[in-house]
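Dear colleague,

I am handing over a structure that you have not worked with before, and the sequence and coordinates are shown just below. After them you will find a short account of what turned up when I went through it.

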Amino acid sequence: MAETAESVTQPSLAHEARHMSGTDKPPTASSRLPKYQEIGSCLMEAIATGEYPPGGYLPSESALMKRFGVSRVTVRLALNILREANLIVGHQGKGYFVCTLQAVQDLGRLQGFGELMAPLGVETRSEVLSAEIVTPPASAAAALKLKRGETALKIRRVRIAAGETMSIDVSFFPMEIGTRLLSLDLTHADVFALIENDLDIEIAFADITMSVAPVEGDVGRLLNLEPHEMVIRTERLTHDISGTPIDFEYLYVRPDNNQFKIRVPRW
């Protein structure tokens, strides 16, 4: 079904991203964190701000010992923090390789983008590409249990972590929820957090379907993919505590930016 759109003003569209500044300074003696955690946080921020970009190497252990004035044991404990966050990989004889920023999604838990990225210690934000009243496609209308001809609010966002585009989100909301979201800060807050904290709607669960699909429309350009490359496409239908569907989304992510995990019982 073709979509018909009516432009909607979204106050957050004019918000600019906040920039990190001074985050790569060595930790101070006044900090209460253990020394290795201070150093780990410092190195995380240096990776996030591009001081140590993906595809390169961190300074050697000896260089880090000298920089921070600590023992090799302390440096290695700090590097373990980065390893556990999937930010670096140790290469014997070469040092520590900086990986592409990668989100690890636990499929057994419903999380917003900011919650998902929080363990990596990087700044996250969204760029709202559009916010429109539309006659939604049949899949979205059926998922949200809309009547024939009923409209929905469609919001398209680029999700960004540490300055890197991680996903493209295309969301459809019933009008009574979508119009209220428009007055809120969609740039710096997760939609889940806004729904729960500002709209006072308790989220209960989501039905998720995942597939590998060719890039389509401007998704490839936004994710910096070639036309022949593939994306992971997730359909997610979120329900409130009463079981009412409140948010139907298509999420598009690069395969190399995401890992998925789930605990599967034998019985």
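Predicted model: local features only at pLDDT ≥ 70, side-chain atom pairs only at ≥ 80, totals over all residues.

Lys145 lies in the loop between α5 and β6, and its phi is near 60°, a positive value in a residue other than glycine. Most residues other than glycine have a negative phi. Asn224 sits in the loop between α8 and β9 and counts as exposed, at 64% relative accessibility.

**The chain as a whole**

The chain has 267 residues, of which 43% are buried, and its secondary structure comes to eight helices and 11 strands. Among the contacts in the chain with a separation of 6 or more, 64% are between residues 24 or more positions apart.

If neighbours within four places in sequence are left aside, Ile168 is in contact with Arg157, Val158, Val219, Leu222, Leu223, Tyr250, Leu251 and Tyr252.

**Helix α7**

In helix α7, which covers residues 191-198, the residues Val191, Phe192, Leu194 and Ile195 are buried. Seen down the axis of α7, these buried residues fall within an arc of 165°, so they line one face of the helix. They pack against β6, β7, α6 (175-181), β8 (203-214), β9 and β10. After α7 comes Asp200, whose phi is positive, near 60°.

Gly55 is placed in the loop between α1 (35-48) and α2. Although Gly55 and Cys99 are 44 residues apart along the chain, their C-alpha atoms are separated by 6.3 Å, and Gly55 also touches Phe97 and Val98, not counting residues up to four places away in sequence.

The axes of helix α2 (residues 61-68) and helix α3 (residues 72-84) come within 9 Å and cross at roughly 105°. Because angles of 65 to 115 degrees count as roughly perpendicular, α2 and α3 are described as roughly perpendicular to each other. On the side of α2 the contact is made by Glu61, Ser62, Leu64 and Met65, and on the side of α3 by Arg72, Val75, Arg76 and Leu79. By class, this contact of α2 with α3 has four nonpolar, one polar and three charged residues.

Which residues of α2 are buried? They are Glu61, Leu64 and Phe68, and they cover an arc of only 60° around the axis, which puts them on the same side of α2. Helix α2 is followed by Gly69, whose phi is positive, near 65°.

Terms used
Residues numbered from 1 in each chain as written. Heavy atoms only, no water. Axes fitted to C-alpha atoms, helices over the stretch in contact; angles between N-to-C directions. Helix = DSSP H or I, 4+ residues; strand = E, 2+ residues; numbered from the N terminus. Parallel < 35°, antiparallel > 145°, perpendicular 65-115°, else oblique. Contact = heavy atoms within 4.5 Å. Nonpolar A, V, L, I, M, F, W, Y, C, P; charged D, E, K, R; others polar. Buried < 20%, exposed > 50% of the residue type's maximum accessible area, 1.4 Å probe, protein only. Arc of directions from axis to C-beta.
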